[in-house]
Amino acid sequence: MKKFQLIISSFLIFISQAFAQTDFQISLSNSFLGSTTKQLPFWLSANRDGKINPFVSLLNYSELSANVYSPVKTQNNLQYFAGVGVVGGLGNKNYLQLNRLFAGTAYKGWKIEAGMFYDSLRFDGLSTSNGNLARSRNARPYPKVRLSTNSFKPIPFLKKWLSFSFEYDEGILNDERYITRAHLHHKSFYLKTNRVAGFYLQAGIEHFVMWGGTSPDEIIGDLPSDFNSYLYYISGSKGNSDFPQMDQNNIAGNQYGTYQFLISKNFSEYSASINISHPFDDFSGLNWRNWPDNLIGLNIKRNKPDKFINHILYEFTNTRQQSVVDSFYMWNDEAQLWKRMEDDNYFNHLIYISGATYHQQAIGSPLFAPVIITDGISRGFESTRLFSHHLGIAGKVSSEIAWKSLFTYVQYLGTYRNPYQPFKEQLSFLFALNYKGSFIPFQLGISLAADYGQMSENNMGIEVNISKSW
């Protein structure tokens, strides 16, 4: 505990001195959460950056965060920024965690940052997965170094029509997991048209690779982590003789990601968009053999958010096919015969058994559930085949009171190897009110949530929040 407090105080002193004459923000919040069962309703813990322990019936949760950044007038100015966030919970299970600790710099549209930091929030938090099946705001941020564009940058000679964005990160999954000290590589590349017949088009790809680390299986042991092996991982190649046999037959490491598409149009009073997030797992999905599996979203938002209903988002998510239908055959050298390719089982892996989780929560869509936990260690997801309908609505009761509501229906089918018979259904609901005005000098919020179905006990819950920012 003393070491933890020393890290925080030293970092706050550093950023206050290093960023003299800069903008400084600090916020403090406290929430009480309660549930009728031993687990909080889904929407009281999901997509909360891993701050909320879902497996409690009572929780008093506090957060202290600070951000500092140098003012920037144009994109060509050199800018510095840093932040820290501490989260603590008192209840059935007590915990104290460092959720954010980062610093970075930006110059001429490029940015480099290091530490634990959040991704940008999209669709005002109404989406089930921040618009991306593989990359959400559900789990705690893992430590990483990222080089990226600060936003979309015009492409030389095509700047009137086309711009791009880019990210390249290397991170470490330092939680308790099956493969210890596993790395997580990520890169993304997007193209965006400025306007085509009044529409804005955006397309990109997100690529993740879990690599390196040490397996408790003596046959596997230390996984390759030298620079030559790293090139196999990031290029999506089959492993050489240094890799486990599975990686030699298939592809090096645990590789997965999404294709991302967005088409939007601005109207006089509102904007509308359609987005698609299409998953791939190893080689499967890159060639669209799993074409029915997608998150498809429809988003309508008022340009002046001052009405009772300002924002409506609908999402349909389907991950039931997983390349089994229309699967083709590949020659198997060891068996000397043609074998049908296996199903994908998104975000699970036979070597990186903890799958795409961090601190026992999904890195991607929180709809993938439940996380299998054995001896305190994640064993991936019990159900990766699902489809869902989701509706998010937000608006204002008055200029000082905002509201939002989430309705989510999910049908879970388990996996192809371990199917649910029959399938399981889950309905989750959230209604939230937030006050921010001049009558009292802080913000107040209250949320009501409930779950009904076979994936967890039927339950109801409440959250009461008070916060202040300076």
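**Cores and hairpins in a predicted model**

Biologist: In this predicted model, which residues does Y412 touch, leaving aside those up to four places away in sequence?

Modeller: Y412 touches L367, A369, S383, R385, L386, Y420, F423, K424, Q426 and M455. Contact here means heavy atoms within 4.5 Å.

Biologist: What makes the largest nonpolar core a core, and which residues have the most contacts inside it?

Modeller: The term requires buried residues of nonpolar type joined through side-chain atoms within 4.5 Å, and buried means under 20% relative accessible area. The largest such set has 58 residues, and those with the most contacts inside it are L184, Y233, Y256, F347, Y352 and Y412. Strand β10 (residues 199–211) gives the most to this core, with 4 residues.

Biologist: Which residues does the second core include?

Modeller: That core is separate and has 5 residues, including V84, V86, L98 and M116.

Biologist: Why are β3 and β4 called paired strands?

Modeller: Pairing requires at least two bridges between the strands. Since 11 bridges join β3 (residues 79–91) to β4 (residues 95–107), these strands therefore count as paired, and they run antiparallel. Within the pair, G88 stands opposite L96 in β4. The two strands form a hairpin with 3 residues between them.

Biologist: How do you know that β4 also pairs with β5?

Modeller: The criterion is again at least two bridges, and 7 bridges join β4 to β5 (residues 110–116), so this antiparallel arrangement is a pair as well. Here A106 stands opposite K111 in β5. β4 and β5 form a hairpin with 2 residues between them, and K108 in the turn has a positive phi of about 55°.

Definitions and conventions
Residues are numbered from 1 along each chain as its sequence is written. This is a predicted model: local features need pLDDT of at least 70, side-chain atom pairs count only at pLDDT 80 or more; totals for chains, interfaces and linings use all residues. Side-chain values use heavy atoms; hydrogens and water are left out. Buried means under 20% relative accessible area, exposed over 50%, partly exposed in between (1.4 Å probe, protein chains only).
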